[in-house]
Amino acid sequence: MVSHPRAKVHRMFELVEPIATVTFSEVPNDAFLAVGMRNYWDGYFAGRAAPLGPAPAGVVHAIFYNFADGEVARHIPWVWGKITPEEAIAVRERGSAAALRQMIGELADSPGLVRVADLATRAAVSAPTEGRALYAGLRALDVPKQPVARLWHAATLLREHRGDGHNVALVAHGIGGSEAHVLMALSLGMKAEEFGRIHHLPKAQVAAVVDGLRVRGLVDAAGGFTDTGRGTKERIEALTDELAAPAYDVLSADELDELVAGLEPIAAAVSAADD
């Protein structure tokens, strides 16, 4: 077992994220609409929550962590009246693999992709599941045999393993889901009300979240970071990386370097297609 430096673990996050999140793109969305979902968010919740089984909205809300109150309940359990979790898993995998193949073009059939998928999968199925509900649900699924699908599946496992750990870091620092979005917005140089994941909420609701952070000394009068707020955000990110690291302990330093090098052109192609 090898303990890898934080910079390498964080680099894996940067590379895995665009590959895993092809699942939220047009091709998988169309696949969910074709089986009766009413809109993007029906497909999002059906696909992402499916590894948890027909869990009630309150459980999904708790595990996903960063949705405003009531948002999950607009879709769950309604979606389970149209599609089973098992069907949603299959729709998501097919649509995501098709989207990834489309985005990376000829890389999909390159000899190196099989090796990258294998290394990523070794890491993805090696991490501890304790305290990681969504990751554990994904680990219970069969690993796809087709290399492009296997790479997407591995990236999704690694993303959700890190995400489960990120939620732990947020809880440890007393930061709620909507508060986390405010801190993310400020770290990107945006006003809270402009941030994509909360801009749709009533302005008074966002203002109340910002006011709560101001009372705690994390946000200043102008709505920006205080030194304490910036430090809190940095500690959360550092702990998130620390908690994500065990997924990569199974790989040697050379294997992790090989995986990073192999993922870089794939992630770049996905990002370029997404742009």
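The crossing of helices α1 and α8 is left-handed, a crossing being called left-handed if the near helix is turned anticlockwise from the far one by less than a right angle, and right-handed if clockwise. The structure is a predicted model, in which local features need pLDDT of at least 70 and side-chain atom pairs count only at pLDDT 80 or more, whereas totals for chains, interfaces and linings use all residues. Residues are numbered from 1 along each chain as its sequence is written, and side-chain values use heavy atoms, with hydrogens and water left out.

Two packed helices are described by the angle between their axes and the distance between the axes. For α1 and α8 the axes come within 8 Å and cross at roughly 125°, where axes are lines fitted to C-alpha atoms, for helices over the stretch in contact, and angles run from 0 to 180 degrees between N-to-C directions. The helices α1 and α8 are therefore oblique to each other, given that angles under 35 degrees count as roughly parallel, over 145 as roughly antiparallel, 65 to 115 as roughly perpendicular and the rest as oblique. On the α1 side the contact is made by His10, Met12, Phe13, Val16, Glu17, Ile19 and Ala20, and on the α8 side by Leu151, Trp152, Ala155, Thr156, Leu158, Arg159 and Arg162; contact here means heavy atoms within 4.5 Å. Helices are DSSP runs (H or I, at least four residues), numbered from the N terminus.

Helix α8 also packs with α6, at an angle of about 30° and with the axes 8 Å apart. The two helices α6 and α8 are therefore roughly parallel to each other, and their crossing is left-handed. From α6, the residues that meet α8 are Leu113, Val114, Val116, Ala117, Asp118, Ala120, Thr121, Ala123 and Ala124, while α8 contributes Pro147, Val148, Arg150, Leu151, Ala154, Leu157 and Leu158.

The largest nonpolar core holds 42 residues, of which Met12, Leu100, Leu151, Tyr248 and Leu259 touch the most other members. A nonpolar core is taken as a set of buried Ala, Val, Leu, Ile, Met, Phe, Trp, Tyr and Cys residues joined through side-chain atoms within 4.5 Å, and buried means under 20% relative accessible area, with exposed over 50% and partly exposed in between (1.4 Å probe, protein chains only). Two or more residues of this core are given by each of α1 (6–20), α5 (85–104), α6 (111–124), α7, α8 and α12 (253–274), and the largest share, 8 residues, comes from α12. For Met12, the contacts that remain once its neighbours within four places in sequence are left aside are Leu158, Tyr248, Leu256, Leu259, Val260 and Leu263.

In helix α4 (residues 57–64), the buried residues are Ala57, Val60, Ile63 and Phe64. Viewed down the axis of α4, these residues fall within an arc of 130°, so they line one face of the helix; the arc is that of the directions from the helix axis to the C-beta atoms. The buried residues of α4 pack against α3 (40–49), α7 (133–139) and α8 (147–172). Tyr65, in the loop between α4 and α5, has a positive phi of about 75° although it is not a glycine, and Tyr65 is buried, with a relative accessible area of 18%. Asn167, found in helix α8, is likewise buried, with a relative accessible area of 15%. Leaving aside its neighbours within four places in sequence, Asn167 is in contact with Ile63, Phe64 and Tyr65. The loop between α4 and α5 also holds Pro77, and the peptide bond from Ile76 to Pro77 is cis, with omega near 15°.

In helix α2 (residues 26–34), Pro28, Asn29 and Phe32 are buried. These residues cover an arc of only 100° around the axis, which puts them on the same side of α2, whereas Glu26 and Ala34 are exposed on the other side. The buried residues of α2 are covered by elements that include α3 and α5, and just after α2, Gly36 takes a positive phi of about 110°. A further glycine, Gly105, has its place in the loop between α5 and α6 and is partly exposed, with a relative accessible area of 36%. The C-alpha atoms of Gly105 and Val270 are separated by 9.5 Å, with the two residues 165 residues apart along the chain.
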